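Welcome! Open your viewer, have the selection tool ready, and let's take a short walk together.

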Amino acid sequence: IVRYCRERLKSETLDYCVFGHRHTPLMMPLDGATYVNTGAWFLNRNYAVFSPNDHTLRLYDLQKGEITGC
């Protein structure tokens, strides 16, 4: 998926590349954009929050019933 994003970013200007269905949630800078993957949606309830000044990946711990930031 990261290789795909890098290829798209060669020809397009994007702020975010957002995906799901990766077993490990991840948010990282990628060639001038931000790569976001919330993880496997059927295993967790993770989600991304975007605002004009910030972006965060929220992780939901099913066992604890708590939300944490990433």
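Select L30: leaving out residues up to four places away in sequence, L30 touches V2, C5, R6, L9 and Y35, where contact means heavy atoms within 4.5 Å. A word on what you are viewing: this is a predicted model, in which local features need pLDDT of at least 70, side-chain atom pairs count only at pLDDT 80 or more, and totals for chains, interfaces and linings use all residues. Residues are numbered from 1 along each chain as its sequence is written, and side-chain values use heavy atoms, with hydrogens and water left out.

Helices (H or I, at least four residues) and strands (E, at least two) are DSSP runs, numbered from the N terminus.

**Stop three: the sheet**

Show the strands next: three of them form an open sheet, ordered β1-β3-β2, with mixed pairing. Two strands pair if DSSP finds at least two bridges between them. β1 (16-19) and β2 (26-30) are at the edges with a single partner strand each, so one side of each has no neighbour in the sheet.

Finally, zoom in on β2 and β3, which pair in the antiparallel sense over five bridges. Here M27 stands opposite V36, and P29 opposite T34.
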